[in-house]
Amino acid sequence: MGIKMTPVIQATRILRMFSNSGGVPNGHCSVYVGETQKKRFVVPVPYLSQPLFQDLLAKAEEEFGFDHQMGGLTIPCKEDVFVDLTSRLRSS
């Protein structure tokens, strides 16, 4: 039986792993999004604990684990889907 992490604990763990990504302001995290060609986005840390973003993080962990070659979190979804999701998080 595994231990289920709360979104805040999981977000904190992810932030620590990717906090050394260059050129990222405090309170933000870099993510790479795309199916074939990856585009870098810088998102506010509070997004990491949002339910919609948590779904993406779960998919990223499933597909890539936490060993990301690009130095930031890689999220396996289409860029337009990611932009739509983050715009909804911004307006809430």
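Buried means under 20% relative accessible area, exposed over 50%, and partly exposed in between, with a 1.4 Å probe and protein chains only. By this definition both Y47 and F53 are buried.

The model is predicted: local features need pLDDT of at least 70, side-chain atom pairs count only at pLDDT 80 or more, and totals for chains, interfaces and linings use all residues. Residues are numbered from 1 along each chain as its sequence is written, and side-chain values use heavy atoms, with hydrogens and water left out.

**Fold and sheet**

The chain has three helices and three strands, where helices (H or I, at least four residues) and strands (E, at least two) are DSSP runs numbered from the N terminus. The order of elements from the N terminus is α-β-β-α-β-α. Of the 92 residues, 35% count as buried.

The three strands form an open sheet in the order β2-β1-β3, with mixed pairing; two strands pair if DSSP finds at least two bridges between them. β2 and β3 are the edge strands, each pairing on one side only. On average, neighbouring strands of this sheet are turned by 35 degrees against each other, direction ignored. β1 and β3 run parallel and are joined by three bridges. V33 has I75 in β3 as its bridge partner.

Two helices lie across the strands. Axes are lines fitted to C-alpha atoms, for helices over the stretch in contact, and angles run from 0 to 180 degrees between N-to-C directions. Contact means heavy atoms within 4.5 Å. α2 lies across β2 and β3 and runs at about 100 degrees to β3. α3 lies across β1, β2 and β3 and runs at about 15 degrees to β2.

**Nonpolar core**

A nonpolar core is a set of buried Ala, Val, Leu, Ile, Met, Phe, Trp, Tyr and Cys residues joined through side-chain atoms within 4.5 Å. The largest one here has 16 residues, of which V31, V33, F53, I75 and F82 touch the most other members. At least two residues of this core come from each of β1 (28-33), β2 (39-44), α2 (51-64), β3 (73-75) and α3 (79-91). Leaving aside neighbours within four places in sequence, V31 is in contact with K39, R40, F41, V43, L73, I75 and F82.

**Aromatic pairs**

The structure holds three aromatic pairs. Rings of Phe, Tyr and Trp (its six-membered ring) pair if their centres lie within 6.5 Å; planes under 30 degrees apart count as stacked, over 60 as edge-to-face and the rest as tilted. Two of the pairs are listed here.

| Pair | Centre distance | Plane angle | Class |
|---|---|---|---|
| F41 and F82 | 5.0 Å | 55 degrees | tilted |
| Y47 and F53 | 6.5 Å | 50 degrees | tilted |

F41 lies in strand β2 and F82 in helix α3, so their pair ties together parts that are 41 residues apart in sequence. Both F41 and F82 are buried. Ring pairs link F41, Y47, F53 and F82 into a cluster.

**T86**

T86 is in helix α3 and counts as buried, at 6% relative accessibility. Its side chain reaches the backbone oxygen of V83 at 3.1 Å. Such a polar contact is a pair of N or O atoms within 3.5 Å; within protein, one must be able to donate a hydrogen and the other to accept it, and residues adjacent in sequence count only if both atoms are side-chain atoms. Leaving aside neighbours within four places in sequence, T86 is in contact with V43, Y47 and F53.
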